[in-house]
Amino acid sequence: MKEQPLVRVQEACALLSVNEKTLRLMISRGTLDAVKLGPKTTRFRKEDIDNLVTPDTPFAVARREVYALLNAAVDAGDLDAIRSANTANKWLSCARDDKARGQSGAAKVSLSYAGRALPNCAALAAYGDTL
C-alpha cells in the first residue's frame with residue numbers, strides 16, 4: 001500500500017485559501033480530517049485537501065458563482081448586493097459543513113437561507129439537488 005503524502009498546517013491553509021483559525025474550524029466541524037502525529041503536530045492527507053478543492057463538484061460551482069456575484073457587486077459598489085452575496089456564501093459554507101457531518105436536513109435549511117439571499121443563483125439550486 002502506497003503512503004499518502006501529508007501536508008503541514010501552513011501548506012493546507014495555502015491550498016485551501018483559508019487562515020489557520022478557519023482550518024481549525026473545518027476540523028472541528030468534520031469538513032476536513034486531521035492526522036495527529038503528536039500533541040502539537042497536525043498533518044493532513046493531500047487527497048482530503050484535493051477533494052475539498054476539486055473544481056467539478058456542485059459545491060465548487062456554486063461557490064464560484066457566488067464569488068463572481070460578490071466580485072461584480074464590489075466592482076459596482078452595490079453594498080446591498082455585497083451583503084447578499086456574503087450572506088449566501090456563509091450559508092453555503094454551513095450547508096457544505098452540515099452535509100459533511102451527515103445532517104442533510106440541516107444542510108437543506110442552510111442552503112435555503114443562501115437561496116433567499118441570492119434567489120437568482122442557479123448554481124445554489126443545482127447544489128441543493130445534491131443534498
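Author: Start with E20. E20 has a relative accessibility of 41%, so E20 counts as partly exposed. Keep in mind that this is a predicted model.

Reader: Noted. What does the E20 side chain meet in a salt bridge?

Author: R24. The two side chains form a salt bridge, 3.0 Å from N to O. Both residues sit in helix α2, four residues apart, about one turn of the helix.

Reader: And R24, is it buried, exposed or partly exposed?

Author: Partly exposed. The relative accessible area of R24 is 37%.

Reader: Why would two such side chains pair at all?

Author: Side chains of opposite charge can pair when their charged atoms come close.

Reader: How many salt bridges does the structure hold?

Author: Seven. One of them joins R29 and D97, with the closest N and O atoms 2.5 Å apart. That pair links distant parts of the chain: R29 is in helix α2, D97 is in helix α5 (residues 79-100), and 68 residues separate them.

Reader: D97 first. Buried or exposed?

Author: Buried. D97 has 2% relative accessibility, and under 20% counts as buried. R29 is partly exposed, with a relative accessible area of 28%.

Reader: Which residues are linked with R29 and D97 in a network?

Author: R96. R29, R96 and D97 are linked in a network of salt bridges.

Reader: How accessible are K46 and D50?

Author: K46 is partly exposed at 27% relative accessibility. D50 is partly exposed too, at 32%.

Reader: Back to α2. What happens at its start?

Author: Helix α2 covers residues 20-29. At its start, a side-chain oxygen of N19 reaches to within 3.1 Å of the backbone nitrogen of K21.

Reader: And just after α2?

Author: G30 takes a positive phi there, about 90°.

Reader: How do α1 and α2 cross?

Author: Helix α1 spans residues 9-16. The axes of α1 and α2 come within 10 Å and cross at roughly 90°. The two helices are therefore roughly perpendicular to each other.

Reader: Which residues meet there?

Author: From α1, V9, A12, C13 and L16. From α2, E20, L23, R24 and M26. By class, this contact of α1 with α2 has six nonpolar, no polar and two charged residues.

Reader: What box do the C-alpha atoms fill?

Author: Roughly 45 × 30 × 25 Å, taken along the principal axes.

Reader: How much of the chain is buried?

Author: Buried residues make up 32% of the 131 residues.

Reader: Last one, contacts. What share comes from residues 24 or more positions apart?

Author: They account for 51% of the contacts in the chain with a separation of 6 or more.

Methods: Residues numbered from 1 in each chain as written. Predicted model: local features only at pLDDT ≥ 70, side-chain atom pairs only at ≥ 80, totals over all residues. Heavy atoms only, no water. Polar contact = N/O pair within 3.5 Å; in protein donor to acceptor, adjacent residues only side chain to side chain. Axes fitted to C-alpha atoms, helices over the stretch in contact; angles between N-to-C directions. Parallel < 35°, antiparallel > 145°, perpendicular 65-115°, else oblique. Contact = heavy atoms within 4.5 Å. Nonpolar A, V, L, I, M, F, W, Y, C, P; charged D, E, K, R; others polar. Salt bridge = Lys/Arg side-chain N within 4 Å of Asp/Glu carboxyl O. Buried < 20%, exposed > 50% of the residue type's maximum accessible area, 1.4 Å probe, protein only.
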